[in-house]
Amino acid sequence: MNVKPVSEIRSFLEKIAEPMGIEIVDVEWNDRSAELTVFIETESGVDLDTCEKFHNAIMEPIDELDPTYDKPYTLNVSSPGLDRPFKTQRDFERNLSNEVEIKLYAPLKGKKYLEGVLTEFDENSVTIKLQNEEVKISLNKIAKINKAIKFD
């Protein structure tokens, strides 16, 4: 199906989200199921009410944007989940000084999985503090990085 670029859809939705205190984390199009999914975040987290409120706020405007050129589609609004991978600079900023999990493509010092505190990042790498050392890892060596989830 022919759809507008996700970047155009995201830019359009950000204008609605910002005054509501909502951050667009990601926008995904699934061609197979004809679904447009918008992943959102707020400073206080995302619950079902937040998703519903944003869904209702964007239903009419996004139909006017017509992302699928008059073809039917399903619009979903969702939380990105606790273990979502970091994709944006904001994800890294939000998690500075927090514990993160890193899955690597190839072992580093014999390990493909690391857990430590995110101390620094830039456009090419992240630095995490392990028990007694800091390790700088190139982003192109990381398969996934996300906030460490702890169940007490």
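Asparagine 146 is buried in this predicted model, with a relative accessible area of 1% (buried means under 20% relative accessible area, exposed over 50% and partly exposed in between, with a 1.4 Å probe and protein chains only). The residue is found in strand S8; helices (H or I, at least four residues) and strands (E, at least two) are DSSP runs, numbered from the N terminus. With neighbours within four places in sequence left aside, asparagine 146 is in contact with Asp83, Arg84, Pro85, Phe86, Val100 and Glu101, where contact means heavy atoms within 4.5 Å. Residues are numbered from 1 along each chain as its sequence is written, and side-chain values use heavy atoms, with hydrogens and water left out. The model is predicted, and local features need pLDDT of at least 70, side-chain atom pairs count only at pLDDT 80 or more, and totals for chains, interfaces and linings use all residues.

The chain has 3 helices and 8 strands. From the N terminus on, its elements run α-β-β-α-β-α-β-β-β-β-β. The C-alpha trace spans about 55 × 30 × 25 Å along its principal axes. Of the 152 residues, 35% count as buried. Among contacts between residues at least 6 apart in sequence, 53% join residues at least 24 apart.

Strand S8 belongs to an open sheet of 5 strands, in the order S7-S6-S5-S4-S8, with antiparallel pairing; two strands pair if DSSP finds at least two bridges between them. Strand S7 (134-138) and strand S8 (142-147) are the edge strands, each pairing on one side only. From one strand to the next, the twist averages 40 degrees (axes are lines fitted to C-alpha atoms, for helices over the stretch in contact, and angles run from 0 to 180 degrees between N-to-C directions). Strands of a sheet pair through backbone hydrogen bonds, either parallel or antiparallel. Strand S6 (residues 125-129) pairs with S7 in the antiparallel sense over 5 bridges. Isoleucine 128 has valine 135 in S7 as its bridge partner.

Helix H1 (residues 6-17) consists of 12 residues and reaches 16 Å from its first C-alpha to its last, close to the 16 Å expected at 1.5 Å a residue; the expected span is 1.5 Å times one less than the number of residues. Ile9, Leu13, Ile16 and Ala17 of H1 are buried. These residues lie on the same side of H1, because they cover an arc of only 90 degrees around the axis, the arc being that of the directions from the helix axis to the C-beta atoms. On the other side of H1, Ser7 and Lys15 are exposed. The buried residues of H1 are covered by elements including strand S1 (23-30), strand S2 (35-41) and helix H2 (48-65).

The largest nonpolar core has 17 residues, and those with the most contacts inside it are Ile24, Val38, Ile40, Phe54 and Ile58. A nonpolar core is a set of buried Ala, Val, Leu, Ile, Met, Phe, Trp, Tyr and Cys residues joined through side-chain atoms within 4.5 Å. Two or more residues of this core come from each of H1, S1, S2, H2 and strand S3 (74-78). H2 gives the most, with 5 residues. Apart from this core lies another, of 14 residues, among them Phe86, Val100, Ile102 and Leu118. For valine 38, the contacts beyond four places in sequence are Leu13, Ile24, Asp26, Val27, Phe54, Ile58, Leu75, Asn76, Val77 and Ser78.

Two loop residues have a backbone feature to note. Tyrosine 69 is not a glycine, yet has a positive phi of about 55 degrees. This tyrosine is placed in the loop between H2 and S3 and counts as partly exposed, at 41% relative accessibility. Tyrosine 69 touches Asn2, Val3 and Lys4, residues up to four places away in sequence not being counted. The C-alpha atoms of tyrosine 69 and histidine 55, which are 14 residues apart along the chain, are separated by 20 Å. Serine 97, also not a glycine, has a positive phi of about 75 degrees. The place of serine 97 is in the loop between helix H3 (89-94) and strand S4 (99-108), and at 60% relative accessibility serine 97 counts as exposed.
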